[in-house]
Amino acid sequence: MAIVSVYAVFANAGEAERIGRIVVEERLAACVNILGPCRSIYRWQGKLETTDEVPAIFKTHHWHSDDLIERIAALHSYAVPCIAAWPIESILRTYADWVEDVVL
């Protein structure tokens, strides 16, 4: 099993859903969980910024993680979006089988 979660943050729920639907339709991800809004505090172009954003977690096989990250970045509205893959150490076998079946 080599399932990974890809975490990304979006400007709003509409963008997260639009991109989520595209990558699931393209079979780069088996599914996406769009989470509730979060408050992000960060430094951008020399200024401290505070923004409400929408995080999402995509599930895929590690073979697709780089392609998924690149596709999300290409569709994203940010110049430098947060997109990171997280390894999964333990997973329900039947869920992992489903993810693999959907994306492979």
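The structure holds 5 salt bridges. A salt bridge here is a side-chain nitrogen of Lys or Arg within 4 Å of a carboxyl oxygen of Asp or Glu. This is a predicted model, so local features need pLDDT of at least 70, side-chain atom pairs count only at pLDDT 80 or more, and totals for chains, interfaces and linings use all residues. Residues are numbered from 1 along each chain as its sequence is written, and side-chain values use heavy atoms, with hydrogens and water left out.

Start with arginine 39. Its salt bridge partner is aspartate 52, with the closest N and O atoms 2.7 Å apart. Arginine 39 sits in strand S3 (residues 38-44) and aspartate 52 in strand S4 (residues 47-61), so the pair ties together parts that are 13 residues apart in sequence. How accessible are the two partners? Arginine 39 is exposed, at 55% relative accessible area. Aspartate 52 is partly exposed, at 45%. The cut-offs: buried is under 20% relative accessible area, exposed is over 50%, partly exposed is in between, with a 1.4 Å probe and protein chains only.

Arginine 21 and glutamate 17 form a salt bridge, 3.2 Å from N to O. Both lie in helix H1 (residues 13-25), 4 residues apart, about one turn of the helix. Arginine 21 is exposed, with a relative accessible area of 52%. Glutamate 17 has 39% and is partly exposed.

One more pair: lysine 47 and glutamate 49. Their side chains meet in a salt bridge at 4.0 Å, N to O. Lysine 47 is exposed at 53% relative accessibility. Glutamate 49 is partly exposed at 23%.

Now a charge without a partner. Where is lysine 59? In strand S4. Lysine 59 is buried, yet it has no salt bridge. The nearest side chain of opposite charge is glutamate 17, and that is 15 Å away. For charge, Lys and Arg count as positive and Asp and Glu as negative; His and the chain ends are not counted. What does lysine 59 touch, leaving aside neighbours within four places in sequence? Its contacts are Val4, Ser5, Ala29, Ala30, Cys31, Asn33, Tyr95 and Val99. Contact means heavy atoms within 4.5 Å.

On to the backbone. Which residues other than glycine have positive phi? Arginine 27 is one of them, with phi near 65°. Arginine 27 lies in the loop between H1 and strand S2 (31-34), and is partly exposed at 46% relative accessible area. Glutamine 45 is another, with phi near 50°. Glutamine 45 is in the loop between S3 and S4, and counts as exposed at 69%.

Glutamate 25 lies in helix H1. It is exposed, with a relative accessible area of 65%. C-alpha to C-alpha, glutamate 25 is 21 Å from alanine 2, and the two are 23 residues apart in sequence. Arginine 93 is in helix H3 (residues 93-103). It is partly exposed, at 43%. Arginine 93 and arginine 39 are 54 residues apart in sequence and 34 Å apart in space, C-alpha to C-alpha.

Last, the whole chain. How many helices and strands does it have? There are 3 helices and 5 strands. From the N terminus, the order is β-α-β-β-β-α-β-α. The radius of gyration is 14 Å, close to the 13 Å that the globule rule gives for 104 residues, so the chain is as compact as a globular protein of that length. That radius is taken over C-alpha atoms, and the rule is 2.2 Å times the number of residues to the power 0.38. Along its principal axes, the C-alpha trace spans about 45 × 25 × 20 Å.

Of the 104 residues, 39% count as buried. Among contacts between residues at least 6 apart in sequence, 74% join residues at least 24 apart. And the charge tally: 9 positive and 14 negative side chains, with the centres of the two sets 6 Å apart. The place of a charge is NZ of Lys, CZ of Arg, CG of Asp or CD of Glu.

Methods. Helices (H or I, at least four residues) and strands (E, at least two) are DSSP runs, numbered from the N terminus.
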